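This briefing covers one structure, shown below. The points after the lead sentences are grouped by topic.

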Amino acid sequence: MGKIEDLVQQQEEYVIGLRRYFHSYPEVSHREFGTRKRIMEELDRLGIPYEPVEGTGLIARVVGKLPGKHRVIRSDIDALPVTEDAYNLRQKKVCISKNIGACHACGHDCHMAMLLTTLKILNEMKDELHGTIYGTFEEAEEMLGGWKQELAGLKKYPIDECFALHVYYHLDAGKVNIAVGPRMSGAAFIGVTFHGRSGHISRPDQALNPIIPLAHFITELNSVYNNRLAVDHPVTLGFGQIVAGTANNVIPDEASVYGSSRFFDVEEGKKASELIHRVAKNTADSFGCTVDFPLEQFLYPVVNDEKVALSVQEKFGELFDGNMLSECEPWYASESFANVMRTYPGALGFVGIRNEELGSGALHHNSHFDVDEKGLLVGVRTELAFALK
């Protein structure tokens with residue numbers, strides 16, 4: 001036990017260096033070519049075998065010399081199309097993106113650094129390691145684009161369990177949470193396009209303006225959600241993008257809106273998706289327009305397996321300082337790792353990154369987002385607890 005803690009403490013400079021590199025050179029979903037190259041270079045240097053999967057992801061393997069289970073630890077690798085602010089909530093950041101228009105504003109740079117460090121430690125002690133640990137680096141998590149390739153690559157292996165971490169702005173740095181049950185919400189991603197007929201803005205009666213039913217749809221849907229969904233199983237609704245028109249004096253042919261619902265109750269989530277269809281079709285019909293749905297994706301919530309979550313907690317307390325374990329409410333963000341957990345029993349933990357004095361603690365997907373890097377080794381400890389339990 002003391003040896004493992006010593007190995008962890010020796011990696012502080014290593015894990016921080018990796019995190020700062022990935023943060024400096026972010027790449028958006030499906031474009032993570034340089035990111036994957038850097039991961040492969042590090043795995044080559046460590047002597048850890050790996051295999052690319054379709055797209056930009058890959059799977060690394062640390063094979064223990066002793067018999068045991070086959071376990072997966074996942075990291076996502078993509079950044080967001082966000083221009084980063086040089087300052088966090090209090091002061092200038094230690095490093096910022098060098099790729100303008102891309103930013104690790106969700107913490108995937110931390111996830112990659114933690115997993116590579118965990119694999120490094122496991123590789124150093126593989127003579128004492130039971131079973132095989134697979135480190136998967138998933139592309140395009142923000143676009144729900146890489147989990148299928150990840151599962152396809154794992155299919156040939158006898159996987160027993162899976163695990164992942166997500167850094168979390170609402171948890172103090174130096175703390176980690178691994179809880180039983182629902183942890184991150186499900187999501188119904190929606191895209192709705194209203195089709196009308198273009199014309200001159202001075203004679204709206206001679207055209208069919210699709211912007212009007214789109215506006216009614218947004219307000220009607222809010223009202224429907226408030227009155228048709230169960231109050232004891234909340235479903236949130238948010239719109240982040242409206243696309244319509246090219247000039248202020250031209251009625252366009254079509255208008256689109258994109259957003260998502262979030263939920264923990266799957267049946268209420270499905271009901272919410274059905275209501276979106278019904279309200280959109282009825283609204284379009286009342287204005288003489290038509291409607292279609294260019295984006296429809298349904299993601300299940302992350303629900304931690306009781307056996308896996310409790311065993312990680314127990315092993316963490318056995319190997320490390322149990323005071324690092326913390327309570328934490330579920331998070332209404334969503335995670336493609338839910339799809340992996342529907343294939344293998346698993347758990348997802350939250351790693352704290354909030355430090356008011358430092359200025360970290362801004363919301364995820366925010367240009368001021370920053371992390372307290374002292375939380376990184378807590379994440380490494382947690383992944384080791386999963387691997388060694």
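**Cores, a sheet and cysteines**

The largest nonpolar core has 62 residues, and those touching the most other members are Ile 39, Leu 43, Leu 119, Leu 122, Phe 137, Leu 384 and Leu 388. A nonpolar core is a set of buried Ala, Val, Leu, Ile, Met, Phe, Trp, Tyr and Cys residues joined through side-chain atoms within 4.5 Å; buried means under 20% relative accessible area, exposed over 50%, and partly exposed in between, with a 1.4 Å probe and protein chains only. The model is predicted: local features need pLDDT of at least 70 and side-chain atom pairs count only at pLDDT 80 or more, while totals for chains, interfaces and linings use all residues. Residues are numbered from 1 along each chain as its sequence is written, and side-chain values use heavy atoms, with hydrogens and water left out.

- Not counting residues up to four places away in sequence, Phe 137 touches Ile 39, Gly 57, Leu 58, Ser 75, Ile 77, Met 112, Leu 115, Leu 116 and Leu 119 (contact means heavy atoms within 4.5 Å).
- Another core, of 29 residues, lies apart from the largest one and includes Tyr 134, Tyr 169, Phe 189 and Phe 337.

**Sheet and helices**

- Four strands form an open sheet in the order β10-β12-β8-β13, with antiparallel pairing (two strands pair if DSSP finds at least two bridges between them).
- β10 (235-244) and β13 (290-299) are at the edges with a single partner strand each, so one side of each has no neighbour in the sheet.
- Helices (H or I, at least four residues) and strands (E, at least two) are DSSP runs, numbered from the N terminus.
- From one strand to the next, the twist averages 15 degrees (axes are lines fitted to C-alpha atoms, for helices over the stretch in contact, and angles run from 0 to 180 degrees between N-to-C directions).
- Helix α6 (residues 211-228) packs on the sheet and touches β8, β10 and β12, its direction making about 175 degrees with that of β10.
- Helix α7 (residues 266-286) lies across β8, β10, β12 and β13, at about 170 degrees to β13.

**Cysteines**

- The whole structure has zero disulfides (a disulfide is a pair of cysteine sulfur atoms within 2.5 Å).
- Cys 106 is in no disulfide, and the nearest cysteine sulfur, that of Cys 110, is 10.0 Å away.
- Cys 106 is buried, with a relative accessible area of 8%.
- The closest cysteine sulfur to that of Cys 110 is in Cys 95, at 9.4 Å, too far for a bond.
- Cys 110 is buried, with a relative accessible area of 0%.
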